[in-house]
Amino acid sequence: MDHSTQFDLELIAKYDQSGPRYTSYPTAVQFHDGFNEDEYKRVARESNQTGNPLSLYFHIPFCDTVCFYCACNKVATKDRSMAAGYLERIYKELRMQSELFDSSRVVTQLHWGGGTPTFISQDEMRKLVAQTRRAFTLLDDDSGEYSIEIDPREAQGDTIKLLRELGFNRMSLGVQDFDPKVQKAVNRIQSKEETLGVLQKARDEGFRSTSIDLIYGLPFQSVESFSSTLDQILEVDPDRLSVFNYAHLPERFKPQRRINEDELPPPQEKLDILQMTIDKLSAAGYVYVGMDHFAKPNDELVLAQQDGTLYRNFQGYSTHADCDLVGLGATSIGMVGPSYAQNMRSLDEYYQRIDSDRLAVFRGVELTSDDLLRRDVITRLICHFSLSLADVERRWGIVFKEYFGNEIESLQGMAADGLLSIDDSEIKVMPRGRLLIRNICMQFDAYLSSKQSQGSFSKVI
């Protein structure tokens, strides 16, 4: 598979617009309260007919300090005792969710995200895993993908050793930037030594994969400063890197109001940072998987992309396309059967639902046959940069060029610009189209013209 990516400033400027990241289709903008707890229970029970494995996502919302760039659903607090009440509800939710799924359905994927999952104490970590084992069938042979998001400032001492003993075998480390001036501007003071110490500890304890998260577009960043951060990261040779574009949306995310817009790098500097990042990581042997993700050539993501099994969900790219995803905790989103379901966002609402012996699902969507077809098309494009028309026709019983006649017409301009090629058998994304894959996928999105979708998404680059 050709993994090359071509950086064309003129085309990037031409296609500069906002659009979904397609961690789901339909996107969360289409979720509605008509899909409620009862609908979710029905779909969950029906999903048992497939016998597919399960994926569990736990949202731990607490953070000791707030990072000003953050757009996550979190609770910034110094009060560690807040975790106890939250976890008691998680345990109860686990029991209620487990009643919907056959015990024969093994959990092959598990993820703790947040917030800061390691905000909770070691005893609480042990209990959460024990309660999960009581409710669901976890693997004991280390063959699953059990991952956790780590803030290195919250993972000192023997925390990494404990997480490995509990069954975690993958981790992503939040770094963002090593430049002290940038760190101060976004309120995330984090030394290189403590960060890389955690990464080395993970390797020593036998974690199968380590990933580093970086953000470009933060205050005071430049090509030179971000290049320095990348050089320091490359010294420790992580398995994967995620390099995210900072989307400054202070009207939606309150902490971002504490960032001085005058200190943000101008658009051209951001593009230069991105180009430098792609060039440097490619020269270091990393493969651009897509949508901010880079990995070593022998990484499972790259191998899955090569054999056509790569998938995309709310945690990003995944190798577990066959799983039903069960979301646990406030604001979590699950993907079970032909549906998406989201839990209550605020702690008070989440607690109230769980305390009344009800699941916390408050909105979602059940996919139509057209949704499922379009999701398949978008997933293939965003994961594999190519689409076999015959494969889609066989799976869905359609004539592709008749069903998607308008969409193919809308792609002609992109084809003329060299972003992709279209013939009777395939749509293929070209190297200069890879960075604009969201724009290409948007042509198959039936909802983008709807009023509620307007102004809901970040810039594609």
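Predicted model: local features only at pLDDT ≥ 70, side-chain atom pairs only at ≥ 80, totals over all residues.
Colleague: How many salt bridges does the model have?
Modeller: Side chains of opposite charge can pair when their charged atoms come close. The cut-off here is a Lys or Arg nitrogen within 4 Å of an Asp or Glu carboxyl oxygen. By this rule the count is 35.

Colleague: Which residue forms a salt bridge with K78?
Modeller: K78 lies in the loop between β3 (75-76) and α3 (82-98). Its partner lies in the loop between β2 (62-63) and β3, so the pair ties together parts that are 14 residues apart in sequence. The closest N and O atoms are 2.8 Å apart. The partner is D64.

Colleague: Is K78 buried or exposed?
Modeller: Exposed means over 50% relative accessible area. D64 has 23% and is partly exposed. K78 has 58%, so K78 is exposed.

Colleague: Which helix holds both E165 and K161?
Modeller: E165 and K161 form a salt bridge, with the closest N and O atoms 3.6 Å apart. The two residues are four apart, about one turn of the helix. That helix, residues 159-165, is α5.

Colleague: Is R170 buried or exposed?
Modeller: Buried means under 20% relative accessible area. E300, at 34%, counts as partly exposed. R170 has 6%, so R170 counts as buried.

Colleague: How many of the nine residues of strand β4 are buried?
Modeller: Strand β4 covers residues 106-114. It is largely enclosed by the rest of the structure, because the buried residues number eight of the nine.

Colleague: Over how many bridges do β1 and β4 pair?
Modeller: Strand β1 (residues 54-60) runs parallel to β4. S55 stands opposite Q109 in β4. The number of bridges is seven.

Colleague: Through which helix does the chain cross from β4 to β5?
Modeller: Two bridges join β4 to strand β5 (residues 137-138), and the two run parallel. V106 has T137 in β5 as its bridge partner. The β-α-β crossover is right-handed, and the helix, residues 122-135, is α4.

Colleague: What is the bridge partner of W112 in β6?
Modeller: β4 also pairs with strand β6 (residues 145-150). The pairing is parallel, over four bridges. The partner of W112 is I148.

Colleague: Which helix gives the most to the lining of the second largest pocket?
Modeller: This pocket has a volume of about 630 Å³. Of its 24 lining residues, the closest to the centre are Y311, A321, D322, R375 and R395. α2 (37-47), α12 (369-384) and α13 (389-396) each supply at least two residues of the lining. With six residues, the top contributor is α12.

Colleague: How many charged residues are in the lining of the second largest pocket?
Modeller: Asp, Glu, Lys and Arg count as charged. The lining also has nine nonpolar and eight polar residues. The charged residues number seven.

Notes. Residues numbered from 1 in each chain as written. Heavy atoms only, no water. Salt bridge = Lys/Arg side-chain N within 4 Å of Asp/Glu carboxyl O. Buried < 20%, exposed > 50% of the residue type's maximum accessible area, 1.4 Å probe, protein only. Pairing = 2+ DSSP bridges. Right-handed = clockwise from strand over helix to strand, strands pointing away. 1 Å grid on protein atoms, 1.4 Å probe; cavity = no way out; pocket = protein on both sides within 12 Å on 5 of 7 lines; lining within 4 Å. Points joined across faces, edges and corners; volume = space filled by probe spheres on them.
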